[in-house]
Amino acid sequence: TNIILLGPPGAGKGTQAKRLVDERGMIQLSTGDMLREAKASGTEMGRKVAEVMDRGDLVTDEIVIGLIEEKLAGPHGGGFIFDGFPRTLGQADALEALMAKMGESLDAVIEMRVDDAALVARITGRYTCGNCGAVYHDTTRPTKVEGVCDVCGSTDMRRRADDTEDALKQRLMEYYKKTSPLIGYYHAKGALHVIDGLAEIDSVAAAIAKVLDKA
Ligand code: AP5
Ligand code: ZN
């Protein structure tokens with residue numbers, strides 16, 4: 001089963017994708033994670049994208065489509081979870097063409113709906129484990145022991161350079177301008193499932209499981 005998790009910054013895409021990896025052996029393809037890796041590795045491409053990302057703007061279609069294409073050639077596991085991709089109509093068309101070429105289908109697009117006020121609180125309270133990528137939150141999901149990852153025991157807790165209120169404003173603008181048209185695009189294809197992203201993490205996971213089991 002191949003699915004897209006669609007939603008604004010802080011909707012919970014990464015949190016739910018990690019659960020699906022653990023519970024169903026699916027493969028998470030997060031273009032945000034791939035770009036942050038490129039940024040950390042200090043490659044030419046990494047330097048180019050760092051400034052764009054930190055400002056909260058979208059990176060070019062060409063770069064992210066290239067990253068996705070590379071990963072699609074890798075292991076398929078229990079299916080792909082596209083997390084944070086596609087984000088423009090151009091990316092959606094490219095994904096469709098790539099999947100068709102591989103003889104794969106896109107089984108469901110899950111829109112995680114959350115209002116802006118909740119997103120600010122989620123983003124400004126977020127931190128992640130630099131070692132295993134587990135996602136936490138200062139108030140709603142803190143680590144059991146302060147500063148120590150529940151999953152792997154690492155003390156390398158990080159906050160993202162674009163998790164400031166200013167960058168978030170820009171990320172939200174980009175979402176409404178360039179990404180939200182995908183909701184209509186996938187609705188027209190009969191692939192869209194809307195779920196309440198404001199619910200608790202377990203309830204959101206249950207709603208996603210329901211969609212997956214029918215897909
Ligand atoms: P990306 O890394 O994709 O970031 P994003 O879309 O802004 O999404 P986030 O990772 O911020 O949020 P999330 O939905 O995963 O939420 P999370 O689960 O962490 O992109 C970053 C940048 O890279 C972009 O701005 C752009 O520059 C570039 N980029 C990436 N992909 C691109 C593309 N395809 N094209 C062009 N450019 C691209 O949860 C957030 C917080 O809330 C956490 O603290 C979590 O614990 C908490 N939380 C989660 N669920 C719940 C819940 N149900 N209740 C309460 N708290 C919750
Ligand atoms: Zn960890």
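Pro 86 is located in the loop that joins β3 (80-83) to α5 (89-102), in a model that is predicted throughout. The peptide bond leading from Phe 85 into Pro 86 adopts the cis form, with omega near -5°. Most peptide bonds, by contrast, are trans.

Strand β3 also takes part in an open sheet of 5 strands, which are arranged in the order β2-β3-β1-β4-β8 and pair in parallel fashion. At the edges of this sheet stand β2 (27-30) and β8 (192-196), each of which pairs on one side only. Direction ignored, neighbouring strands of the sheet are turned by 25° against each other on average. Within the sheet, β1 (residues 3-6) and β4 (residues 108-113) are joined in the parallel sense over 4 bridges, and Leu 5 is placed opposite Ile 110 of β4. Pairing of this kind is made through backbone hydrogen bonds, which may run between parallel or antiparallel strands.

Leaving aside residues up to four places away in sequence, Gly 12 is in contact with Met 112, Gly 197 and Val 204. An unreviewed UniProt entry lists Gly 12 under "binding site", together with Gly 10, Ala 11, Lys 13, Gly 14, Thr 15, Arg 126, Val 135, Tyr 136 and Ala 199. Of the positions in that list, Val 135 is situated in strand β6 and is partly exposed, because 16 other C-beta atoms lie within 10 Å. The contacts of Val 135, again without residues up to four places away in sequence, are Gly 14, Thr 15, Lys 18, Arg 126 and Thr 128; among these, Gly 14, Thr 15 and Arg 126 are also named in the "binding site" record.

Residues 126-162 carry the UniProt feature "domain: Adenylate kinase active site lid", likewise from an unreviewed entry. The chain over residues 126-162 is 0% helix and 24% strand, and its end C-alpha atoms are 11 Å apart. A further "binding site" annotation, also unreviewed in UniProt, comprises Cys 129, Cys 132, Cys 149 and Cys 152. These four positions span 24 residues in sequence, yet no two of their C-alpha atoms are more than 8.6 Å apart, so they gather at one spot.

Two of these cysteines can be described in more detail. Cys 132 occupies the loop between β5 (126-129) and β6, and its 14 C-beta neighbours inside 10 Å make it partly exposed. When residues up to four places away in sequence are not counted, Cys 132 touches Cys 149, Val 151, Cys 152 and Ser 154. Cys 152, for its part, belongs to the loop between β6 (135-137) and β7 (157-158) and counts as exposed because it has 12 C-beta neighbours inside 10 Å, a class that requires 12 or fewer. Its contacts, under the exclusion of residues up to four places away in sequence, are Cys 129, Asn 131 and Cys 132. The C-alpha atom of Cys 152 is separated by 9.6 Å from that of Gly 133, and the two residues are 19 residues apart along the chain.

Helix α7 comprises 15 residues (residues 165-179), which at 1.5 Å a residue should span 21 Å, and the separation of 20 Å between its end C-alpha atoms agrees with this expectation. The buried residues of α7 are Leu 168, Arg 171, Tyr 175 and Thr 179. Seen down the axis of the helix, the buried residues of α7 fall within an arc of 60°, so they line one face. An α-helix has 3.6 residues a turn, so residues three or four places apart point the same way. The partners against which the buried residues of α7 pack are α6 (116-124) and α8 (181-188), whereas Asp 166, Met 173, Tyr 176 and Lys 177 are exposed on the other side of α7.

How values were computed. Residues are numbered from 1 along each chain as its sequence is written. Chains are lettered from A and ligands numbered from 1 in the order in which they are written. This is a predicted model: local features need pLDDT of at least 70, side-chain atom pairs count only at pLDDT 80 or more; totals for chains, interfaces and linings use all residues. Helices (H or I, at least four residues) and strands (E, at least two) are DSSP runs, numbered from the N terminus. The expected span of a helix is 1.5 Å times one less than its number of residues. A residue is buried if 20 or more other C-beta atoms lie within 10 Å of its own, exposed if 12 or fewer, and partly exposed in between; C-beta atoms are placed from the backbone. The arc is that of the directions from the helix axis to the C-beta atoms. Two residues are in contact if their C-beta atoms, placed from the backbone, lie within 7 Å. Two strands pair if DSSP finds at least two bridges between them. Axes are lines fitted to C-alpha atoms, for helices over the stretch in contact, and angles run from 0 to 180 degrees between N-to-C directions. UniProt positions are given in the numbering used here, feature names are shortened, and annotations may be inferred rather than shown by experiment.
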